[in-house]
Amino acid sequence: MGRSLVAAASGWLGFLALAAAGLGALGSMTGLVSPFIGFRIFTLGVVLAPVALVLGVVGLLRTRTTTGRAGRGHAVLGTAGGAGMLAIVAVAAAPTAGLPVINDITTNPSDPPVFAVAPAEVGTPMPYPGESFASLQRDAYPELTTVQLSLAPAQALERARLAAEELGLEVVSVDPDAGTLEGQHVSAVFRFVDDVVVRVRPSGEGSQVDIRSRSRDGRGDLGVNAARVHSLCDAIQ
């Protein structure tokens, strides 16, 4: 009996799945490709993984000792590569199961803070997506509301700046007259940029603080922006 073509195919697909995932992540991290292109290459690996897994299992069956066919090593590689890729994706996505596919989160969907610096950098406006996002956010994160502080606006803005820096944000603009702060966060792997704006307004004898965090790319964010807004709210209070 000759070599199993299914086993050979599974081995190559398993290798390509792992290689695409690694190259996509590494290319983005090193700046060789844009975050979007790097993520697309990584996604190719994710798409190839289940095909490699299925063919790998079939290849294992076809290269059993009783069949006399060669290529079991390829089948093992295809099965392991496909299963490994799917396991990585499953572990990464598990904490975000059930979250809405949105990437613009704010403490005040009815009157969200406006980005002033980020649009100039990216060359496109960054308006809030509107009621469709707002409705999904209210359902998923009803606890995210305006922060009330018994501090003067200038003190509240300074507290927000310190909180942002402690959480690893790069503060790119502070406008005391407008009562706003803008910052950025770059993800470790794909170098995706999230923009953050904090707005402080007088409220009685204190201040009210609203926060907005938005991803520049894609539509979903795996809950990252909501987690960031939560962290800022906790740090500011």
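**Entry 1: Ser187**

I began with Ser187, which is partly exposed at a relative accessible area of 22%. The model I am reading is a predicted one. I placed Ser187 in the loop between S4 and S5. I then looked up what its side chain contacts: the side chain of Ser187 reaches the backbone nitrogen of Arg191 at 3.1 Å. I also checked Ser187 against Pro35; the two are 152 residues apart in sequence, and their C-alpha atoms are 9.7 Å apart in space.

**Entry 2: Helices H1 and H2**

I turned next to the helices. I noted that helix H1 covers residues 5–30 and helix H2 residues 35–62, and that they pack with their axes 7 Å apart at an angle of about 160 degrees. Because angles over 145 degrees count as roughly antiparallel, I recorded H1 as roughly antiparallel to H2. For the residues of the contact of H1 with H2, I listed 18 nonpolar, eight polar and one charged.

**Entry 3: Aromatic pairs**

How many aromatic pairs does a search of the whole structure find? I recorded six. I examined Phe39 and Phe42, whose ring centres are 6.4 Å apart with planes at 25 degrees, so I logged the pair as stacked. The class follows because planes under 30 degrees apart count as stacked. Both Phe39 and Phe42 lie in helix H2, three residues apart, which is about one turn of the helix.

**Entry 4: From Phe42 to Phe190**

I followed Phe42 to a further partner, Phe190: this aromatic pair is edge-to-face, at 5.4 Å centre to centre and 75 degrees between the planes. I noted that the pair links distant parts of the chain, with Phe42 in helix H2 and Phe190 in the loop between strand S4 (180–186) and strand S5 (193–203), 148 residues apart. Phe190 counts as buried, at 13% relative accessibility. Ser187, from my opening entry, is found in the loop between S4 and S5 as well.

Note on methods
Residues numbered from 1 in each chain as written. Predicted model: local features only at pLDDT ≥ 70, side-chain atom pairs only at ≥ 80, totals over all residues. Heavy atoms only, no water. Axes fitted to C-alpha atoms, helices over the stretch in contact; angles between N-to-C directions. Helix = DSSP H or I, 4+ residues; strand = E, 2+ residues; numbered from the N terminus. Parallel < 35°, antiparallel > 145°, perpendicular 65-115°, else oblique. Nonpolar A, V, L, I, M, F, W, Y, C, P; charged D, E, K, R; others polar. Phe/Tyr/Trp six-rings, centres within 6.5 Å; stacked < 30°, edge-to-face > 60°. Buried < 20%, exposed > 50% of the residue type's maximum accessible area, 1.4 Å probe, protein only. Polar contact = N/O pair within 3.5 Å; in protein donor to acceptor, adjacent residues only side chain to side chain.
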